[in-house]
Amino acid sequence: MPELDYKQQQLEALSELYSYNKKLTKAIIDMIKELREELKDDSNEYLNLLTDGINWEFNVLNHTLDLINESEVVISAEYLSSVANNLSSAIQSKDALRIAEIFEKDIVKVFTTLDNTLANIVTIKEN
């Protein structure tokens, strides 16, 4: 029975992640433009909020990868770790163009792939 409870918790977390992921991905895409063009007065604060959101998503992913990758490997823990390390390094360097590149090539890629996968998982859960 505890195994079923854990899987139910994972499904609930993925359902929340699915809703949040779309909003966060859109905000990241907006931030990419800002990082490439011209930073605004609140860009650093906005970047911090996005980073918190990304960290939250990665935390949920780390606890649900077995369910996400149940039928095929969609996202590996190693890849997530690599992306997180690259993003952390870019943010520490305060290199806006490097952050934009990682957002675009890695984070948005992961979150878009994730969105498609979560749509299937959430649909299955609801039926």
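The model is predicted, so local features need pLDDT of at least 70 and side-chain atom pairs count only at pLDDT 80 or more, while totals for chains, interfaces and linings use all residues. Residues are numbered from 1 along each chain as its sequence is written, and side-chain values use heavy atoms, with hydrogens and water left out.

Let us begin with the overall build. The protein has 4 helices and 0 strands, in the order α-α-α-α along the sequence. Here helices (H or I, at least four residues) and strands (E, at least two) are DSSP runs, numbered from the N terminus. The C-alpha trace spans about 50 × 25 × 20 Å along its principal axes. The radius of gyration is 16 Å, which agrees with the value near 14 Å that a compact globule of 127 residues would have. That radius is taken over C-alpha atoms, and the globule rule is 2.2 Å times the number of residues to the power 0.38.

Next, what lies inside? Buried residues make up 39% of the 127 residues. Buried means under 20% relative accessible area, exposed over 50%, and partly exposed in between (1.4 Å probe, protein chains only).

Now meet two residues from the inside. Thr-64 lies in helix 2 (residues 43-68) and counts as buried because its relative accessibility is 1%. Beyond its neighbours within four places in sequence, Thr-64 is in contact with Gln-10, Ala-13 and Leu-14; contact means heavy atoms within 4.5 Å. Val-108 sits in helix 4 (residues 96-126) and is buried too, at 14% relative accessibility. With neighbours within four places again left aside, the contacts of Val-108 include Thr-25, Ile-28 and Ile-29.

Finally, look at the rings. The structure holds 2 aromatic pairs. Tyr-20 and Trp-56 form an edge-to-face pair, 5.2 Å centre to centre with 80° between the planes. This pair links Tyr-20 in helix 1 (residues 2-36) to Trp-56 in helix 2, 36 residues apart. Tyr-20 is partly exposed at 31% relative accessible area, and Trp-56 is partly exposed at 37%. Phe-58 and Phe-111 have ring centres 6.1 Å apart and planes at 85°, so this pair is edge-to-face. Phe-58 in helix 2 and Phe-111 in helix 4 are 53 residues apart. Phe-58 is buried at 7%, and Phe-111 is buried at 1%. Rings of Phe, Tyr and Trp (its six-membered ring) pair if their centres lie within 6.5 Å; planes under 30 degrees apart count as stacked, over 60 as edge-to-face and the rest as tilted.
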